[in-house]
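Visitor: I am new to this structure and should like to be guided through it. May we begin once it is on display?

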Amino acid sequence: MKLAGYGRREWGGAAAVALGVGALGAWAVAGGYAVAGWTVVSIAALGWLALAAFFRVPNRTIVADPAVLVSPADGVVRDIGTVKDHGIEIYEGRELLRIGIFLSVFDVHVN
C-alpha cells in the first residue's frame with residue numbers, strides 16, 4: 001500500500017504537527033506529568049496515523065472478466081436514480097443515471 005500523491009502535503013504537515021505535539025508530551029513526561037504527557041503523545045500519533053490511513057492507496061487486483069462489475073469506490077451504495085438537472089453541459093437536457101456512494105472516514109477515498 002502506498003500514499004496518494006496529492007496527500008503528501010497533508011501527511012507531511014500532520015507529521016510536523018504530531019512531532020511538535022509529541023515533543024510537548026515528552027516535555028510533560030520529563031516534568032513529572034507522565035499520564036498527561038503520554039496521553040498527548042498517543043493522541044498525536046493516532047491522529048497522524050488516521051490522516052495517513054485516509055490518504056492510502058491499497059493494491060487492488062481487478063478481474064479481467066467483462067461479466068464482472070467493478071465498483072468505482074469503496075463505501076456503501078446509498079441511492080440509484082436518474083437526474084435531469086445535473087449541470088453537465090454536454091449532456092444538457094438528457095436524464096443520466098446517478099449512483100450515490102457514501103464513503104465513511106474508514107473507506108479509501110482514492111477513485
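Visitor: How far apart do the centres of the positive and negative side chains lie?
Guide: Please note that this is a predicted model. The chain carries 9 positive and 9 negative side chains. Between the centres of the two sets, the distance is 8 Å.

Visitor: In what order do the elements of the chain run from the N terminus on?
Guide: The chain holds two helices and four strands. Read from the N terminus on, the order of these elements is β-α-α-β-β-β.

Visitor: What percentage of the residues of the chain count as buried?
Guide: A residue counts as buried when its relative accessible area is under 20%. The accessible surface of the chain comes to about 8600 Å², and carbon and sulfur atoms account for 66% of that surface. Of the 111 residues, the share that counts as buried is 18%.

Visitor: How far apart are the end C-alpha atoms of helix H1?
Guide: Helix H1 covers residues 8–30, which makes 23 residues. At 1.5 Å a residue, H1 should therefore span 33 Å.

Visitor: Which helix is included in what covers the buried residues of H1?
Guide: The buried residues of H1 are Ala14, Ala15, Ala18, Gly22, Gly25 and Ala28. Their cover includes residues 34–54, that is, helix H2.

Visitor: Which residue with a positive phi follows H1?
Guide: The residue in question has a phi near 100°. It is glycine 32.

Visitor: Is valine 29 buried, partly exposed or exposed?
Guide: Valine 29 belongs to helix H1. Its relative accessible area is 25%. Buried requires a value under 20% and exposed a value over 50%, so valine 29 is partly exposed.

Visitor: Which residues does valine 29 touch, not counting those up to four places away in sequence?
Guide: Valine 40 stands 11 residues from valine 29 along the chain, and their C-alpha atoms are separated by 9.9 Å. The residues that valine 29 touches, with those up to four places away left aside, are Ala34, Gly37 and Trp38.

Conventions. Residues numbered from 1 in each chain as written. Predicted model: local features only at pLDDT ≥ 70, side-chain atom pairs only at ≥ 80, totals over all residues. Heavy atoms only, no water. Buried < 20%, exposed > 50% of the residue type's maximum accessible area, 1.4 Å probe, protein only. Areas by Shrake-Rupley, 256 points an atom, 1.4 Å probe, with all protein chains shown as cover. Lys, Arg positive; Asp, Glu negative; His and termini not counted. Charge placed at Lys NZ, Arg CZ, Asp CG, Glu CD. Expected span 1.5 Å × (residues − 1). Contact = heavy atoms within 4.5 Å.
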